[in-house]
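This briefing covers aromatic contacts, charges over rings and strand pairing. Please consult the sequence and structure shown here before reading on.

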Amino acid sequence: MAKGYWVAHVDIDDMERYKAYIDANAVPFREYGARFLVRGGTKEVREGQMRARTVVIEFEDFTTAKTCYDSVAYQQAKALRDPVSTGDMEIIEGYDG
């Protein structure tokens, strides 16, 4: 079965307030077995334009990735993130070829 992934590109306006989101998202991520593959870090943009921060999170499968995002606990965490950041995020099924 293919894994599920969150791929996010984020600009953070207030890192101190964003830390509250990081603390709050730990609960649903633990509950749904999320595993960070990329969480910020050094990067080189080779084509196009990207936001300042890239995050890739792996889940057991696509359904679990969607269920985590839709959970009450994650939506509460997201409410802390929204006022202090701008981002693009997709949930995508991994390749199982």
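Arg-81 lies over the face of Tyr-21, at 5.4 Å from the ring centre; a charge sits over a ring if NZ of Lys or CZ of Arg is within 6 Å of the ring centre and within 35 degrees of the ring normal. The model is predicted: local features need pLDDT of at least 70, side-chain atom pairs count only at pLDDT 80 or more, and totals for chains, interfaces and linings use all residues. Residues are numbered from 1 along each chain as its sequence is written, and side-chain values use heavy atoms, with hydrogens and water left out.

**Aromatic rings**

- The structure contains 9 aromatic pairs (rings of Phe, Tyr and Trp, the latter by its six-membered ring, with centres within 6.5 Å; planes under 30 degrees apart are stacked, over 60 edge-to-face, the rest tilted).
- Trp-6 and Tyr-74 pair edge-to-face, at 4.8 Å centre to centre and 70° between the planes.
- This pair links strand 1 (residues 4–12) to helix 3 (residues 72–81), with the two residues 68 apart (helices are DSSP runs of H or I, at least four residues, and strands of E, at least two, numbered from the N terminus).
- Both Trp-6 and Tyr-74 are buried (under 20% relative accessible area; exposed is over 50%, partly exposed in between; 1.4 Å probe, protein chains only).
- Phe-36 belongs to an aromatic cluster that also includes Trp-6, Tyr-21 and Tyr-74, and the charged end of Arg-39 sits over the Phe-36 ring, 3.9 Å from its centre.

**Strand 3**

- In strand 3 (residues 53–59), 7 of 7 residues are buried.
- Strand 1 runs antiparallel to strand 3, joined by 7 bridges (pairing requires at least two DSSP bridges); Gly-4 has Phe-59 as its bridge partner.
- Strand 2 (residues 35–39) also pairs with strand 3 in the antiparallel sense, over 4 bridges, and Phe-36 is partnered with Ile-57.
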